[in-house]
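The following note sets out comments on the model, arranged as numbered points.

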Amino acid sequence: MSRWLRMGLTDKLFVPLVGILLLSVLLTTYLTSSAQRISDRQRVEQYTGRIRAQWITLVRELWIKGEIDDLNHILRVSVETDSLLTYAILYDSNRRVIAGTSAIDTFSVTGLRLNIPVHGPGNQAGLFVAGYAGRFESGTSLGLKMAILIAGLSTIIIGSLIYMRLLDKVLLKRIRAASAAATAIANRDLTQKLDESGDDELASLAHAFNVMVVNLRSLTKAIHRVVVEIDDETAGILASVDSQALLSMTQKEQVSQITRTMASMAEISNQIAVSSSEVVKIADNTLKGSDKGVAATDDSRGLMDQIAIGNSERVEQIKDLKRRAVQIGDVMEFIERIADQTKLIAFNASIEAAGAGEMGRRFEVVAREIRRLAENVSESAGQISTRITDIQQSIEAISARSVEESQKVQSGLVASLHTVTVLHSIREGANRTTEQVQGISTAIGNQNEAAANLLNSLKVIDRQSGELNQGLSGLRFIAGALKGLSTSLHEISSSFKLETDPESTSSRTS
Amino acid sequence: MSEGASQQAEATIDPVDNYRSFLISSAAKVEFCLDLADTRGVSTIGKIIPIPGTVKSIVGLTYFRGGIEAAVDLRQIWEASLDEVEKITHAVLVEAEGRRAVLLVDSLIDLYNCNPVEASSQYATSSFIGQDGEIKFNGRTIPIISAGLLLKSIDKIN
């Protein structure tokens with residue numbers, strides 16, 4: 001028994017089966033050959049008449065239809081049987097089937113090549129039984145042969161049953177264990193282990209199965225670790241994608257803002273360009289006005305020089321007039337003093353006349369007239385002095401005013417010189433302004449060109465940001481799907497039982 | 001003197017009848033008149049040499065027409081306010097009852113001739129020292145200062 005157990009499975013199955021089959025074949029061959037002869041003979045007799053009748057009918061119909069033009073071409077007619085079906089086939093010398101018929105009906109197999117070996121002479125019917133062909137012979141007793149056949153068959157059946165039972169107890173138990181283990185593995189239990197005892201194929205299979213389970217367990221653990229890493233990486237990717245998306249949105253918004261700012265700057269630059277043109281015109285007008293102002297100021301300076309000269313002459317004349325007025329005042333003082341003296345003399349004359357009595361009355365009249373004249377002279381001299389004083393005051397005022405005007409003229413000259421200097425500065429400034437504004441215009445043109453290029457670049461960046469956002473959205477969807485897959489894979493890998501349950505192990509061991 | 005006043009004074013002269021002539025002047029803005037009979041002459045004021053120990057009204061000695069005369073300041077006699085004193089410019093030599101003195105005056109205004117009745121002291125409305133009547137001159141009442149009374153009053157004050 002132990003040797004049988006150590007045998008290979010092929011040996012276990014093949015050797016007994018071959019023995020049983022040989023025995024059965026021998027027994028069955030012997031029994032059936034005898035039995036068939038008896039049975040076939042009866043059936044041939046039964047069927048032959050029918051087939052001949054049908055055959056004749058068939059040949060006649062073919063002859064009438066013209067499909068057979070020469071009966072000599074019909075070399076052989078064979079009536080063959082297959083199990084309980086008996087049929088006849090008409091074929092030519094090249095074994096090409098012309099027509100066929102069975103015990104049941106007529107069938108057309110025209111054109112087929114008959115590869116069935118035919119026994120017997122040509123143009124004769126033959127009968128075939130499966131596994132056996134030959135002419136009917138008379139045999140042994142049918143009852144004995146049937147008993148032998150039944151005994152052989154019974155032996156085969158019983159032996160087979162016994163062997164199957166043995167197989168069931170020895171081999172199928174291990175196969176079932178393997179099947180159960182496979183089912184458990186199919187149910188994600190990777191703790192299964194088969195008994196590897198023995199040297200047969202089942203032991204090798206169990207060893208291979210166990211190696212496979214160990215490898216599968218290692219693979220599952222590796223998958224689990226990888227899934228965890230994928231899950232972590234996916235979460236990182238998602239976070240990175242979200243951050244990138246947020247950054248991209250911010251960048252897109254900033255690019256939009258920069259684009260708007262650049263557009264505003266371009267508009268402002270255009271306005272500056274227009275203003276620069278206006279400034280150039282104004283500077284040109286200022287230049288022309290400065291030239292005119294310089295010319296007018298030069299003319300004004302000439303006139304003011306003439307005025308200053310005239311004013312100086314007038315001042316000198318006024319001073320001379322003032323001196324003359326002072327001289328007149330001195331003369332008038334002198335006249336007043338004379339008048340006072342005259343008046344005093346007149347008083348004394350009157351006094352003397354009064355002292356002279358009657359004789360001095362005429363003289364007193366003269367003295368009175370003299371005194372009146374002196375008073376008139378004095379009064380007139382006083383009035384003249386007053387007038388001269390007024391004239392002197394007027395001359396003083398005129399002189400002061402002339403001096404003041406002269407000073408103003410001098411101030412005007414200084415101011416005109418300053419004005420000329422300022423106008424020259426304005427002219428120079430206008431020239432510089434024109435040059436600077438032209439430079440500004442050139443710079444603004446370059447700036448506008450650069451701004452246009454920058455604007456186009458920003459538009460490209462904006463479009464690329466949109467595409468990047470779309471790509472990030474897709475990447476996020478993929479990352480989400482990947483996370484879902486990793487989660488599913490994690491669940492799947494987690495569903496595998498990788499460690500042996502101690503209780504079950506102990507129970508199995510026990 | 002205005003022309004109207006002269007015509008008025010001249011109109012009152014009667015060459016036949018006696019009449020009195022007055023020298024109208026002012027001292028310390030007070031107009032007064034002196035009888036020409038007592039007046040010996042007028043002049044601008046000269047240098048005055050103070051004399052110690054004399055009365056306050058005699059301010060010193062001055063030279064007048066070849067003689068040394070006593071200079072009398074009427075402002076001191078009439079006790080006029082010094083604020084009202086104008087600059088003394090002229091001197092009037094008077095002589096009465098054998099006395100001579102030079103009166104210092106502010107100005108010589110005019111000569112006036114009038115009837116002796118008109119120059120009466122009967123209805124005098126003021127009482128200056130040395131006053132002896134008053135006259136109407138151009139609508140103003142002017143006191144007549146007598147040289148004799150004035151010089152006597154100086155003696156009395158002294």
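1. In chain B, B:Ser21 stands opposite B:Asn113 of strand β9(B). The model is a predicted one: local features require pLDDT of at least 70 and side-chain atom pairs count only at pLDDT 80 or more, whereas totals for chains, interfaces and linings use all residues. Residues are numbered from 1 along each chain as its sequence is written, and chains are lettered from A and ligands numbered from 1 in the order in which they are written.

2. The pairing of β1(B) with β9(B), residues 107–114, is antiparallel and extends over seven bridges; two strands are taken to pair if DSSP finds at least two bridges between them. Within β9(B), B:Ser107 is the bridge partner of B:Ser26. Helices (H or I, at least four residues) and strands (E, at least two) are DSSP runs, numbered from the N terminus.

3. β1(B), residues 20–27, is mostly covered, with seven of its eight residues buried. A residue is buried if 20 or more other C-beta atoms lie within 10 Å of its own, exposed if 12 or fewer, and partly exposed in between, the C-beta atoms being placed from the backbone.

4. β1(B) also pairs with β2(B), residues 30–35, in the antiparallel sense over six bridges. B:Ala27 is opposite B:Val30 of β2(B). These two strands form a hairpin with two residues between them, and in the turn B:Ala28 has a positive phi of about 50 degrees.

5. β3(B) and β7(B), residues 90–96, are antiparallel over five bridges, and B:Thr39 stands opposite B:Val94 in β7(B).

6. B:Gly46 lies in the loop between β3 and β4 of chain B. Is this glycine buried, partly exposed or exposed? B:Gly46 counts as partly exposed because it has 13 C-beta neighbours inside 10 Å. Not counting residues up to four places away in sequence, B:Gly46 touches B:Thr62 and B:Tyr63; two residues are in contact if their C-beta atoms, placed from the backbone, lie within 7 Å. The C-alpha atoms of B:Gly46 and B:Thr89 are separated by 9.0 Å, although the residues are 43 apart along the chain.

7. The largest nonpolar core has 53 residues, of which B:Leu23, B:Cys33, B:Val72, B:Val92, B:Val102, B:Leu103 and B:Leu104 touch the most other members. The largest share of this core, nine residues, is supplied by helix α4(A), residues 201–356. A second, separate core of six residues includes A:Leu194, A:Ala206, A:Phe209 and A:Val213. A nonpolar core is a set of buried Ala, Val, Leu, Ile, Met, Phe, Trp, Tyr and Cys residues joined through C-beta atoms within 7 Å.

8. Beyond its neighbours within four places in sequence, B:Val72 has contacts that include B:Ser57, B:Ile58, B:Ala101 and B:Ile154.

9. Chain A contains six helices and six strands, which follow the pattern α-α-β-β-β-β-β-β-α-α-α-α along the sequence. Of its 510 residues, 16% are buried. Among contacts in chain A between residues at least 6 apart in sequence, 75% join residues at least 24 apart.

10. α4(A) packs against α5(A), residues 361–495, at an angle of about 175 degrees, with the axes 2 Å apart. Axes are lines fitted to C-alpha atoms, for helices over the stretch in contact, and angles run from 0 to 180 degrees between N-to-C directions. The two helices α4(A) and α5(A) are therefore roughly antiparallel to each other, a term used for angles over 145 degrees.

11. The contact between the chains takes 14 residues from chain B and ten residues from chain A. β3(B) provides the largest share of the side of chain B that touches chain A, namely six residues. That side of chain B has seven nonpolar, six polar and one charged residues. Here Ala, Val, Leu, Ile, Met, Phe, Trp, Tyr, Cys and Pro count as nonpolar, Asp, Glu, Lys and Arg as charged, and the others, Gly among them, as polar.

Technical notes:
Parallel < 35°, antiparallel > 145°, perpendicular 65-115°, else oblique.
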